[in-house]
Every structure is written in C-alpha cells, then in structure tokens.
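Here is a short briefing on one protein chain. Look at the model first, then work through the points by topic.

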Amino acid sequence: MLAAVVMVIGVSAGQPDADAPPKTTLLEPKSRLWQATLTPDGKAVVTVTGDERTLKIWDLATNKARTWDKGATDAGSVAFAPDGKSVLVGRRDGTVSRHDFATGKELARVKVGENGREGELFFPLAAGTYGKPRLDMSPDEKLIALDNPNEMTIPIIRWPEGEVMARLKNEPKNGEIYATHVRFGDGGKTLYCLCAGDARGFVAVWDVATGKLSRTLISRRIASHMTVSDDGRWIGVCGGFNRVVTAWDSKADFKQIELPIPAVNCWGIAFSRDGKQTASVSTYSMGRKGAMAVVWDLTTGRPTRTWAVSDDYWLGGIVFFSHDGQTLFTGGQSEGLLAWDLYAPKK
C-alpha cells in the first residue's frame, strides 16, 4: 500500500523506461480533437472533432471510424449513460440529448442551458472541452450534474423531466471563480466537483441526498484539472507549474498522496479501471517544447514508465487507459489521438 507520508521521490527514482512504447495513431494531428471517450465495453473510442463538433466512433480492432447518421454534430461534451447502451450529448444550443449508441437514434432531449452572469449559456456551450465530459449522470439515471464555467453553483437536473432539482453552491476559499469537472461517486451518493479559476482550487465533496457539503479536498499545489476513477475510489487533481499530481483515496478516509511529474504544466491525469495505475501528461514551460507521459504504480507510489508523447507545448488534456490497463491513450487538438501499448515486448 501507499505510504501515509507525502511522496517526494523524483521520476528518476523509480527508474522508469525512457523508451516510448509502440503507438497507433487513431486520429491524425491537426484534427481539432476536443474530446475522446472510451466506450463502456472498451472496444471503441468516441471522439468530438472539428468546428462542427462531429461525433465519430473508432473501432479499436480495425482503427477505423464511423459517423452517426443522426445527432452527430454540435456536440459540446459526451458522456455515457450508466446503462452502457446509450450516450449523453451536451450540445452548444443548451440541450442534452440521449442516443442509442449503436444506431445514433435520439431517445430524449432536455433543455438545461441557463444564462450566466455574462449572458451566455454556461452549459454546454463551453468551447474548450479539452478531454473531460462536462456532465455526469447518476447511476440510477435520475439525475444529471452539470459543469458551470461561469460561477460556483452546480445545477442538478432531474432526468428526463429537465427540472432543476438543486443548486449546489460552492463557496470560494482562495478566490476561485467557477466549478468544473463534476463526477458522481460512491454509487451516486457523492458528487465531486473541482472549483478553480485564478486561484489554488479545491475539490468539493457533496452529499447528494442532503445537498450538503461533506468534505473539502485541498491540495498544496494549484488544481485546474480533476479526474475520478471509474469506481469512485480515487480523486486526482493537477495544475499548471507545480510538477505534481495530487490524489486522494476515498476508501482510506481520503488519504492524500503526491506524485511528482517530469514537466511543469500538467494537462491531464487518468486512473486505470482496476485502480492500480495512474498516468499524467505534462508539458514544459514557455521556451521549451515537449510533453511527457508518466505511468505510476499506485500500490507502490513509484513510476513504471515515462516517455515523450509530443514535441508540442499545446498538447491538450486527453489521457485515459484501456479497460485492461495495457494501453494508454493521449491526445489533444494539435496531436490527434494516439494509443500507446504500455506492455508490448521490447525490441
């Protein structure tokens, strides 16, 4: 198990493999990739690309894509429903639509957009999706939680009625100005959301049943990106210019650890499905190009592999594992989508 003390080892201490694993290019660079999401069965990846925000499904067995005949454009964000057979599409017109994933047929649509303080729809207009879904559905499929890049209030919407059930008000601690990256955890009993902006940032942990804030997770470093593991156990944050990923283990009373990274500006983090690995993608500061990926063994707190994934500073924050933890996907608007075979035999 991870030591209770904060990790202070450098990446070199774990003697990670400096050679890049074999890669497969799913989506070519310069494709304006906004988001990429693994399907529930792990056999395909859904991407949102281009100015039209077109949805495509990439078959990982053939590396070929298909586009939905219906509901394929104007996607602001994509998230799979808990049934694993349908997908939620947050749209730039202020609606969320639900589709049969196999056919693309629209099953329902609800208007959720509201005017923010500056008059624009706070969701799902959000031009900068950058890898993370901006909505999440509760396991019982009765609620949808929405990001709010305009302010600190998180709306909880009844599905499919579309009415606002609650507004969770996050109080800033260090001048935070908006809430983002909402995720349900603990079987839908808990809602995590990252509160960030021009400040350090923190993770608010809400009790969904009571609508009360149950805990606040504050890292020692700036937090501008958040990821929650599939089972809700691990909550991880990262941010710019702090050379570290901070993670909390909800099964161990939210014990906090810190994992150092090689580059200074962390764009994204991911947890493997079995909760044994985490990965990050980070870039160097201005004047030095390059983006580095690190894979960590969470049971030991040590890195197992690190390599350069790009020579571009503006990489983007797309990073996630395959279901079996054998492949790491990375990407962004300037890099397309790459699949790295982490455990391929070395040549």
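Two residues are in contact when they have heavy atoms within 4.5 Å of each other. With that rule, Asn170 touches Met152, Ile154, Ala179, Cys193, Cys195, Ala204 and Trp206, leaving aside residues up to four places away in sequence. Keep in mind that this is a predicted model.

**The whole protein**

- The protein has zero helices and 28 strands.
- Of its 347 residues, 58% are buried.
- Take the contacts with a separation of 6 or more: residues 24 or more positions apart account for 44% of them.

**The largest pocket**

- The largest pocket holds about 1,200 Å³ of space.
- Its lining has 44 residues, and the closest to the pocket centre are Asp136, Arg183, Val228, Ser229 and Asp230.
- Several strands give two or more residues to this lining, among them β2 (33-38), β6 (75-80), β10 (135-137) and β14 (178-185).
- The lining residues divide into 21 nonpolar, 16 polar and seven charged.

**Asn170, a loop residue**

- Asn170 sits in the loop between β13 (164-169) and β14.
- Is Asn170 buried or exposed? Its relative accessible area is 2%, and buried means under 20%, so Asn170 is buried.
- The side chain of Asn170 has a polar atom 3.0 Å from the backbone oxygen of Met152.
- The side chains of Asn170 and Trp206 are joined by a polar contact of 2.9 Å.
- Both of these partners, Met152 and Trp206, are also in the list of residues that Asn170 touches.

**Ser219, another loop residue**

- Ser219 is in the loop between β17 (212-217) and β18.
- Ser219 has 3% relative accessibility, so this residue counts as buried.
- Which residues does Ser219 touch, not counting those up to four places away in sequence? They are Arg200, Val237, Thr246, Trp248 and Gln256.
- A polar atom of the Ser219 side chain lies 2.6 Å from the backbone oxygen of Arg221.
- Ser219 and Val203 are 16 residues apart along the chain, and 8.7 Å separates their C-alpha atoms.

- Strands β20 (residues 244-249) and β21 (residues 255-260) run antiparallel and are joined by six bridges.
- Thr246 stands opposite Glu258 in β21. Thr246 is also one of the residues that Ser219 touches.
- Side chains in a regular strand alternate between the two faces of the sheet.
- Five residues lie between the two strands of the hairpin, and Asp253 takes a positive phi near 55 degrees.
- Phe254 is in the loop between β20 and β21. Phe254 also has a positive phi, about 55 degrees, although it is not a glycine.
- Phe254 has 15% relative accessibility, so this residue counts as buried.

**Backbone details elsewhere**

- Where is Asp186? Asp186 lies in the loop between β14 and β15 (190-196).
- Phi of Asp186 is positive, near 55 degrees, and this residue is not a glycine.
- At 42% relative accessibility, Asp186 counts as partly exposed.
- Pro160 lies in the loop between β12 (153-158) and β13.
- The peptide bond from Trp159 to Pro160 is cis, with omega near 5 degrees.

Note on methods. Residues numbered from 1 in each chain as written. Predicted model: local features only at pLDDT ≥ 70, side-chain atom pairs only at ≥ 80, totals over all residues. Heavy atoms only, no water. 1 Å grid on protein atoms, 1.4 Å probe; cavity = no way out; pocket = protein on both sides within 12 Å on 5 of 7 lines; lining within 4 Å. Points joined across faces, edges and corners; volume = space filled by probe spheres on them. Helix = DSSP H or I, 4+ residues; strand = E, 2+ residues; numbered from the N terminus. Nonpolar A, V, L, I, M, F, W, Y, C, P; charged D, E, K, R; others polar. Buried < 20%, exposed > 50% of the residue type's maximum accessible area, 1.4 Å probe, protein only. Polar contact = N/O pair within 3.5 Å; in protein donor to acceptor, adjacent residues only side chain to side chain. Pairing = 2+ DSSP bridges.
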